[in-house]
Amino acid sequence: MKELTRAEEEIMQVLWNLGKGFVKDLIDRLPEPKPAYNTVSTIIRIMERKGFVGHKAYGNAHEYHPLVSKDEYKKRFFKSFLTRYFGDSFPEMVSFFAGGRDLSLRELEEIQGLLGEEIEKQKGERE
């Protein structure tokens, strides 16, 4: 799966939220300044060629819908990000963020709690 460009991702976010829609529906939900109709139409056709979007035709009008779920895209995008920037190492990524002081104490404690829950869950599955 290819990655989305910034413009494609912005449109895809709207489409994920809507579930389906025509180009005009997408434009209505995009932030100001609104892109031109032809711009959005071109971007969505590119996304269709990439396999992210499908459509149902109603005469000359096309209603677009996602072919890839937001969760599926997040998983693949994150895996690619992790591999490119952190050598596919979760500990290296966590160390980077924790060591860079980009996270507050509250955020670190929240992450610690989530990790503790996952550890207990996996221990329970082994038993």
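Is Ser 41 buried or exposed? Ser 41 is buried, because its relative accessible area is 12%, where buried means under 20% relative accessible area, exposed over 50%, and partly exposed in between, computed with a 1.4 Å probe on protein chains only. The answer comes from a predicted model, in which local features need pLDDT of at least 70 and side-chain atom pairs count only at pLDDT 80 or more, while totals for chains, interfaces and linings use all residues. Residues are numbered from 1 along each chain as its sequence is written, and side-chain values use heavy atoms, with hydrogens and water left out.

**The whole chain**

Along the sequence, the elements follow the pattern α-α-α-β-β-α-α-α. The C-alpha atoms fill a box of roughly 55 × 35 × 25 Å, taken along the principal axes. The radius of gyration of the protein chain is 20 Å, whereas a compact globule of 127 residues would have one near 14 Å. That radius is taken over C-alpha atoms, and the globule rule is 2.2 Å times the number of residues to the power 0.38. Buried residues make up 21% of the 127 residues. Of the contacts with a separation of 6 or more, 45% are between residues 24 or more positions apart, a contact being heavy atoms within 4.5 Å.

**Helices H1 and H3**

Next, select helix H1 (residues 6–18) together with H3. Their axes come within 10 Å and cross at roughly 85°. Axes here are lines fitted to C-alpha atoms, for helices over the stretch in contact, and angles run from 0 to 180 degrees between N-to-C directions. To display the contact, select Ala 7, Glu 8, Ile 11, Met 12 and Leu 15 in H1, which meet Val 40, Ile 43, Ile 44, Ile 46 and Met 47 in H3. By class, this contact of H1 with H3 has nine nonpolar, no polar and one charged residues. Ala, Val, Leu, Ile, Met, Phe, Trp, Tyr, Cys and Pro count as nonpolar, Asp, Glu, Lys and Arg as charged, and the others, Gly among them, as polar.

Ser 41, the residue of the opening question, lies in helix H3. Select His 65 as well: Ser 41 and His 65 are 24 residues apart in sequence and 13 Å apart in space, C-alpha to C-alpha.

**A cis peptide bond**

Move to Pro 33, in the loop between helix H2 (23–29) and helix H3 (37–49). The peptide bond from Glu 32 to Pro 33 is cis, with omega near -10°. Most residues other than glycine have a negative phi, and most peptide bonds are trans.

**The strand hairpin**

Now select residues 53–58 and 61–66. These are strands S1 and S2, which run antiparallel and are joined by six bridges; two strands pair if DSSP finds at least two bridges between them. The two strands form a hairpin with two residues between them, and Gly 59 in the turn has a positive phi of about 65°. Across the pair, Lys 56 stands opposite Glu 63, and Tyr 58 stands opposite Ala 61.

**Helices H4 and H5**

Continue to H4 and H5, which pack at an angle of about 75° with their axes 10 Å apart. H4 is therefore roughly perpendicular to H5. The contact is made by Phe 78, Leu 82, Tyr 85 and Phe 86 of H4 and by Phe 90, Glu 92, Met 93, Phe 96 and Phe 97 of H5. Its residues are, by class, eight nonpolar, no polar and one charged.

In the loop between helix H4 (70–86) and helix H5 (90–99), select Asp 88. Its phi is near 65°, a positive value in a residue other than glycine. Asp 88 counts as partly exposed, because its relative accessibility is 38%.

Return to helix H4 for Tyr 73. Tyr 73 counts as buried, because its relative accessibility is 5%. Tyr 73 and Leu 4 are 69 residues apart in sequence and 9.3 Å apart in space, C-alpha to C-alpha.

**Helix H6**

Finish at Lys 123 in helix H6 (residues 105–126). With 45% relative accessibility, Lys 123 counts as partly exposed. Lys 123 and Ser 80 are 43 residues apart in sequence and 28 Å apart in space, C-alpha to C-alpha.

Key
Helix = DSSP H or I, 4+ residues; strand = E, 2+ residues; numbered from the N terminus. Parallel < 35°, antiparallel > 145°, perpendicular 65-115°, else oblique.
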